[in-house]
Amino acid sequence: MSTYVLVAEDDRKQAELIRRYLEHDGYTVTVVHDGVTALGEATRRPPDLLVLDWMLPALDGLEICRRLRGAGELPILMLTARSTEDDLLRGLDLGADDYMTKPFRPRELVARIRTLLRRSHHTVRPASVAAVSPAAPAASGNRAVLTVGRLTVNAARHQVFVHDRPVNCTPGEFRILSTMAASPDRVFTRSQLLDCLTDHGRTVSERTVDVHILNLRKKIETAPRRPQHLLTVHGIGYKLASGDHGA
């Protein structure tokens with residue numbers, strides 16, 4: 001049985017182009033052109049993946065994303081003409097797994113879909129524990145529960161706490177945070193963090209990593225603009241500090 005992809009795109013010409021490329025790649029595709037129909041179709045016949053345009057009539061993509069996220073872990077790739085940092089943060093915060101800004105190349109879209117589908121069939125683990133250098137400092141606790149300062153990451157239960165306060169993370173944010181918590185104070189390049197988002201290949205842009213980091217700071221830092229835990233190492237990447245350090 002082929003993989004089922006639901007495409008919600010109000011631009012009919014673009015929707016038809018997406019359909020042709022996906023069907024050529026072997027997917028079963030349904031195309032809808034407004035938000036209400038998209039939500040109804042996704043509820044009636046849950047797809048394996050949803051390609052979701054942000055600016056749909058009747059019900060926009062953000063609201064659809066919010067409602068569907070409450071019902072499960074459907075992989076969602078959001079299409080948007082918006083590209084500001086705040087816009088991208090909103091989409092990822094509501095549960096989109098990846099985004100593409102318009103205009104885009106259909107072949108790249110298909111590659112992104114393949115990656116999301118591969119990722120959705122992997123259970124989340126303290127993913128990159130196996131890839132961490134043995135010389136790197138280990139987080140306290142076992143691999144299922146990682147504790148770094150006031151931050152606790154429970155990989156088995158997909159839970160994050162700051163002190164005793166639960167933090168709601170998207171799948172992408174959780175992968176990045178669990179990767180860094182497995183090796184506190186280690187500096188990760190964007191490329192290394194990108195690997196934990198894509199599993200195979202690099203079909204997600206490194207900009208996605210930056211957006212996830214900014215969003216995580218809003219969730220785990222007391223002052224996101226002056227982070228003490230999730231730090232930028234200029235010219236290299238990011239690290240999760242085991243103590244309180246200046247940015």
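## Strand pairing

Two strands count as paired if DSSP finds at least two bridges between them. In this predicted model, strand β6 (residues 145-148) and strand β7 (residues 151-154) are joined by four bridges and run antiparallel. Val145 has Asn154 in β7 as its bridge partner. The hairpin of β6 and β7 has two residues between the strands, and Gly149 in this hairpin takes a positive phi near 60°.

Strand β7 is also joined to strand β8 (residues 159-162) by four bridges, and these two strands run antiparallel. Here Leu151 has Val162 in β8 as its bridge partner. The hairpin of β7 and β8 has four residues between the strands, and in this hairpin His158 takes a positive phi near 55°.

Strands of a sheet pair through backbone hydrogen bonds, either parallel or antiparallel. In this model, four strands make up an open sheet with antiparallel pairing, in the order β6-β7-β8-β9. The edges are held by β6 and β9 (165-167); each has a single partner strand, so one side of each is left without a neighbour in the sheet. From one strand to the next, the twist averages 25°. Helix α6 (residues 171-181) packs on the sheet and touches β6, β7 and β8. The direction of α6 makes about 110° with that of β7.

Leu146 and Ser183 are 37 residues apart along the chain, and their C-alpha atoms are separated by 9.4 Å.

## Packing of helices α2 and α3

Two packed helices are described by the angle between their axes and the distance between the axes. For helix α2 (residues 35-44) and helix α3 (residues 61-69), the angle is about 20° and the axes are 10 Å apart. Angles under 35 degrees count as roughly parallel, and α2 and α3 are therefore roughly parallel to each other. Their crossing is right-handed.

Which residues of α2 meet α3? They are Gly35, Ala38, Leu39 and Ala42, and they meet Ile64, Arg67 and Leu68 in α3. The residues of this contact divide into five nonpolar, one polar and one charged.

Terms used: Residues numbered from 1 in each chain as written. Predicted model: local features only at pLDDT ≥ 70, side-chain atom pairs only at ≥ 80, totals over all residues. Heavy atoms only, no water. Axes fitted to C-alpha atoms, helices over the stretch in contact; angles between N-to-C directions. Parallel < 35°, antiparallel > 145°, perpendicular 65-115°, else oblique. Left-handed = near helix turned anticlockwise from the far one by under 90°. Contact = heavy atoms within 4.5 Å. Nonpolar A, V, L, I, M, F, W, Y, C, P; charged D, E, K, R; others polar.
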